[in-house]
Amino acid sequence: MSTPPWSTSAVLALLLGVTPLGAQGGADLAERLFRSGERAYSAQSYAEALETWNQLIQQAPESPFAAEALLREARYHAQVEHRPELALPLLDSLRKDHLDSPAAPDGLLLRGEILAARSQGPEGLKEAIAEFHRVSDLFPDHPAALAAQLDLGLAYRRQGSPARALSHLRTVLQADPHSPLAARAGLEMAALLDQEGDLQGCLRVFQGVREGAPGTPEAEEAACQILLRVRQRLQRPALRSTGTWPEGRQKWLNTPTLLAFDSTDKLFIYQDDTQLSCLEGGQLKPAGPPVRGVRAVLFPGPWQVSTKSGLVKDAHSALPLPPDISPTGAISDEWGSLWISDGRKGGLLVLPLQGEPRTLPAPPLVGLAPQPLGGAVGASDANRSLIFFDDKGGTRITIPYGQGLPTPFRNVLALATDAAGHVAALVDGDFEGIVLWGPDGTLLRAATYKTLGISGRFRGIALDRKGGILLADRTNDLLLRIE
């Protein structure tokens with residue numbers, strides 16, 4: 001059958017000023033279509049860019065420009081639209097039909113990263129890990145190979161394989177110690193070494209990031225993490241009150257009872273048993289609808305776990321909890337599952353993003369807080385112990401209340417953790433004050449309210465990234481900072 005004189009390809013060729021005849025003509029047309037899509041994309045005319053690249057893919061499917069167009073479209077869906085499900089079919093085509101193209105390494109890497117982000121458990125990471133290995137094996141000299149090593153380190157860490165994770169992270173550091181990838185790998189590696197009990201190795205790696213990437217956010221983070229660990233675990237100065245926080249602010253809250261920092265160190269305050277607010281620029285702003293009986297604040301969100309309303313984010317996002325559960329604390333793990341401690345019957349109720357809820361064994365808890373690399377720490381007044389849970393909910397460490405203190409305490413009123421795994425608690429009993437433990441359960445610092453020279457009805461506690469401890473005083477309607 002002869003080609004109609006006004007076929008789509010002929011019209012496009014006329015518009016672009018090329019003649020789509022022969023191999024050279026087809027190559028020219030493919031490149032011009034690709035460049036036209038690039039121009040539209042740069043101008044943020046995304047619909048035009050996608051339409052042009054789709055024409056390229058349909059008319060010259062074997063062209064290297066078609067492979068690059070597939071990659072550009074996939075990046076748009078994954079990184080601009082944030083709809084990775086639309087990117088995966090394009091990356092599957094790139095993987096199947098263009099493995100020898102220049103776009104293949106970046107395409108396989110992006111596919112692996114999408115699969116890793118969408119996984120909902122360690123088993124779900126297997127395909128992503130295979131893709132990262134494929135990038136590293138097939139394209140060892142391409143920059144994507146080093147990024148794949150970093151992704152392998154992150155994936156194996158999430159799978160609970162620290163030795164494998166450290167091996168891949170070390171490869172990134174050794175390949176180019178001053179690269180942005182090395183800085184990211186160093187932060188992850190240092191945190192893993194700390195979790196494995198190698199504090200000195202952890203501090204050395206953080207210092208390497210600080211010196212190797214000066215002026216970067218990673219260097220600033222490394223400096224903060226060094227200061228935090230040195231102060232809390234090596235120097236351990238006596239706790240002291242530095243007064244109201246922010247300095248000089250008196251009677252500016254209304255019976256605060258819960259404090260929480262998000263990952264950017266932004267402070268959230270729950271007060272009046274009604275409203276969660278965020279402190280921004282010195283001003284309190286509502287961070288969601290009024291909710292009564294909040295027992296935990298989860299990020300990102302922030303979601304509020306309430307004894308009365310269930311799980312609440314905004315006026316249109318609420319999830320009722322089982323009627324027989326009495327939530328006393330909650331965390332969100334890295335797979336998106338919600339762990340809720342039941343203060344009445346005991347156990348940890350786990351609500352996954354998909355699948356059926358399940359219950360993990362645990363005594364009744366009065367509080368629950370997350371650990372930075374997975375797992376949680378809970379306080380059980382019934383068992384008079386602090387319990388460190390691993391990422392599967394198993395008991396890792398149990399610390400009896402009052403261990404190492406001159407006098408015991410009976411109750412934990414509030415519990416908090418920080419990015420280094422330190423655990424702080426407000427306690428009362430014969431010992432009434434603040435206790436701070438390390439991530440391995442070691443007692444680090446403690447002080448009574450009397451020795452601190454403070455008084456009030458303290459019901460909220462939070463740890464900032466500089467090693468400070470914030471207390472919410474519901475009697476005097478203010479915050480105090482302890483360091």
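Which residue forms a salt bridge with Glu38, the closest N and O atoms being 3.2 Å apart? The partner is Arg72, and the pair opens the close-up views described below.

The model is predicted, so that local features are given only at pLDDT of at least 70 and side-chain atom pairs only at pLDDT 80 or more, whereas totals for chains, interfaces and linings use all residues. Residues are numbered from 1 along each chain as its sequence is written, and side-chain values use heavy atoms, with hydrogens and water left out.

**View 1. Glu38 and its salt bridges to Arg72 and Arg35.** A salt bridge is here a side-chain nitrogen of Lys or Arg within 4 Å of a carboxyl oxygen of Asp or Glu. The bridge between Glu38 and Arg72 links distant parts of the chain, with Glu38 in helix α2 and Arg72 in helix α4 (residues 64-80), 34 residues apart. Glu38 also bridges to Arg35, with the closest N and O atoms 3.1 Å apart; these two residues lie three apart in helix α2 (residues 22-42) and are therefore separated by about one helical turn. Helices are DSSP runs of H or I with at least four residues, strands are runs of E with at least two, and both are numbered from the N terminus. Glu38 is partly exposed at 23% relative accessibility, as are Arg35 at 39% and Arg72 at 24% (buried means under 20% relative accessible area, exposed over 50%, partly exposed in between, with a 1.4 Å probe and protein chains only).

**View 2. The salt bridge between Arg240 and Glu483.** The two side chains meet at 2.6 Å, N to O. Arg240 lies in the loop between α12 (217-235) and β1 (241-244) and Glu483 in the segment after β24 (478-482), so the pair ties together parts that are 243 residues apart in sequence. Arg240 is partly exposed, at 45% relative accessibility.

**View 3. A network of salt bridges.** Asp92, Arg95, Arg111, Glu127, Glu131 and Arg134 are linked in this network. The count of salt bridges comes to 26.

**View 4. Asp473, buried and without a salt bridge.** Asp473 is found in strand β23 (residues 469-473), and the nearest side chain of opposite charge, that of Arg474, is 7.6 Å away (Lys and Arg count as positive, Asp and Glu as negative, while His and the chain ends are not counted). The Asp473 side chain instead reaches the backbone nitrogen of Arg457 at 3.2 Å. Beyond its neighbours within four places in sequence, Asp473 is in contact (heavy atoms within 4.5 Å) with Pro256, Ser455, Gly456, Arg457, Phe458 and Leu478.

Methods:
A polar contact is a pair of N or O atoms within 3.5 Å; within protein, one must be able to donate a hydrogen and the other to accept it, and residues adjacent in sequence count only if both atoms are side-chain atoms.
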